[in-house]
Amino acid sequence: MIISNYFQDNEDLKLVFDELIDWDEIVHAFEHNFEDAEEYKKTGNERLAYAPSNIEEAKEYYKSVLDSLGEIMGEFVAPRSKEMDQIGLKYENGKVTFPKAQEECYNTLRDAGLMPISISRKYGGMGLPATVQSFMCEISARADAAFCLAYGNINIVEIMERYASPEMCEKWIPEIAAGKYSAAMALTEPNYGSDLPNVQTKAVQDANGVWRITGAKRFITHACGYVNAPSVILTLARTGTPESGARGLSFFLVKGSDVHVAGVEHKMGLHCSPTCEVVFENSPGELIGKTGYGLVKYSMGMMNAARLTIATQSLGIASAAYFEAKKYASERIQFGKPIEQIPAVKKMLDRMEREVLATRVLIAETGKAIDLYHWPKEHLIKIEGKTERDANQDETIRRWEKLADLFTPLSKYYASEGCVSIASDALQIHGGSGYTEDYDVARIYRDSRITTIYEGTTQLQVVAAIGGVVSGMSPAGHLRQYGESELAKFSASEDLKKIWTDLESAVSAYKSIQDGNVKDSLAFEVVEICARFVCGMLLERSLKALSGKDLDKRRAISQAYHLDSLATANANLFKLERASKQAVPA
């Protein structure tokens, strides 16, 4: 792996941070009136000591965090990634042990205080907006995608902060934020992967009012705990009847010491990330929030954050693949010159670069959408005492929430599919050497393959996105309003305008398809055009921040990206328009 500071050596990442993000609106949405800083002045509560008191302080704080993380990930974790991958995990009698190098990495990150990124300051967390969390996830995943999961697992307790009682939060979250516990989310079961409404793990109250949970969960990351941090497992279980569906599910905190880890999966990649099968046998659990809300409100309420996390992990893996391929191609001499000068190889590297850049601006915009609805909404409900219904009446909150509900599945699909493609090209550029374990690209390729699968497959992301695309392109739709308002902010190229027109045509053709099965099968074609329009628009919009040679290079990247998009849209429209003319079979 390339060894350097993974924030400082990434010019595009710094460009997005320094020039392309409107920190005023994000800091305002997240910090409100800098209430944590004011509280610190009044009380001296050390948990709030790093709370910024103005926008510049916030931006500098965020940047210092990224710089510190970039140094640790690029100079400490990345050199150990190969060892962690090759040694892997050991399982015996319900216990999982980790490579020594992984223990060192974990302890280093914990001791640096860089782990509780989404936990609020009042519980001992770092208190960072989604936009900054995304930067951190990308940097971490570039160093090691498997360790990225270990590094970030405690942050799933954000769901407790949102929905558990204040007493339960104060009991558990500061301990978790301090690294005394790791965390896991137990949703899926052996027979119910994405089909969560049919989860069968059962929770009943005993004579003393204690909830007891019985059942089995599969594919549970870090249910075994981590090094010297035992796990707490946030568990979805049925409190209603077997036929009660999604409304009969509730959420519980279960201590890892009260379950049995029956085994860990032997996976193609992510070798140092334990994917556990967990057996609950009358295990005591603490109810989070109210019964019946576990899936319909609590789990689904975290969906946007979960999708963004995997999208950003995908971007980190893709970045690692691109940088490794670029380095190899500049050093590998064939036919008397570096292979990066061979047109066929240069073509691959150019495509990889523009896809990474396009994905990064898409993810930044998705993080912004989450930040601009989530934190103001939480503030209205938790601080101002408004109801959720009242909060949803706020026009700005409603608009950004609708965009986030579209952009998160769009980002997860686009980033993960791109990640696999870019990792594959990186291996190809390495030639036969890439197929060996001598180079890191083999591990990067193996690790990439899970990204289109977990936290909802690409196919499920398309299902989640298609409704937002179709309704969003209606005359008063949120996507149309967003597209038109953004295009009005700069002098859009004719190619970009054509892609917007192609999106309109695609939605129109899709809506006119009469056969329901055919329609469902072509949802991907519509979503793909939408993703490429949004990426292309954000790339072209970013040109305003540049000048000189940097502007010329990025303009060329933007134009090449549009060319790819026009070709894709043309092919997709051909399929959609042909299907729209076909009658429904009798």
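Modeller: Start with helix α19 (residues 494-512) and helix α21 (residues 523-541): their axes come within 9 Å and cross at roughly 160 degrees. Axes are lines fitted to C-alpha atoms, for helices over the stretch in contact, and angles run from 0 to 180 degrees between N-to-C directions. That makes α19 roughly antiparallel to α21. Angles over 145 degrees count as roughly antiparallel, under 35 as roughly parallel, 65 to 115 as roughly perpendicular and the rest as oblique.

Biologist: What counts as a helix, and where does the model come from?

Modeller: Helices (H or I, at least four residues) and strands (E, at least two) are DSSP runs, numbered from the N terminus. This is a predicted model: local features need pLDDT of at least 70, side-chain atom pairs count only at pLDDT 80 or more, and totals for chains, interfaces and linings use all residues. Residues are numbered from 1 along each chain as its sequence is written, and side-chain values use heavy atoms, with hydrogens and water left out.

Biologist: Which way is the crossing of α19 and α21, left-handed or right-handed?

Modeller: Left-handed. That term applies if the near helix is turned anticlockwise from the far one by less than a right angle; clockwise is right-handed.

Biologist: Which residues in α19 meet α21?

Modeller: Leu496, Ile499, Trp500, Asp502, Leu503, Ala506, Val507 and Tyr510. On the α21 side, the partners include Val526, Ile529, Phe533 and Met537. Contact means heavy atoms within 4.5 Å. The residues of this contact divide into 13 nonpolar, one polar and two charged. Ala, Val, Leu, Ile, Met, Phe, Trp, Tyr, Cys and Pro count as nonpolar, Asp, Glu, Lys and Arg as charged, and the others, Gly among them, as polar.

Biologist: What about α21 and α22?

Modeller: Helix α22 (residues 548-580) packs with α21 at an angle of about 165 degrees, with their axes 9 Å apart. The two are therefore roughly antiparallel to each other. Their crossing is left-handed.

Biologist: New topic. How do α4 and α6 pack?

Modeller: Helix α4 (residues 55-77) and helix α6 (residues 100-111) pack at about 165 degrees, axes 11 Å apart. So α4 is roughly antiparallel to α6. This crossing is right-handed. Leu69, Ile72, Met73, Phe76 and Val77 in α4 meet Glu104, Cys105, Thr108 and Leu109 in α6. By class, that is seven nonpolar, one polar and one charged.

Biologist: What does UniProt place at residues 65-180?

Modeller: An unreviewed entry there lists "domain: Acyl-CoA dehydrogenase/oxidase N-terminal". UniProt positions are given in the numbering used here, feature names are shortened, and annotations may be inferred rather than shown by experiment. In the model, residues 65-180 are 62% helix and 5% strand.

Biologist: And how far apart are domain 1 and domain 2?

Modeller: Their C-alpha centres lie 40 Å apart. Domain 1 is 163-288 and domain 2 is 458-581. Those bounds come from an automatic or database domain assignment.
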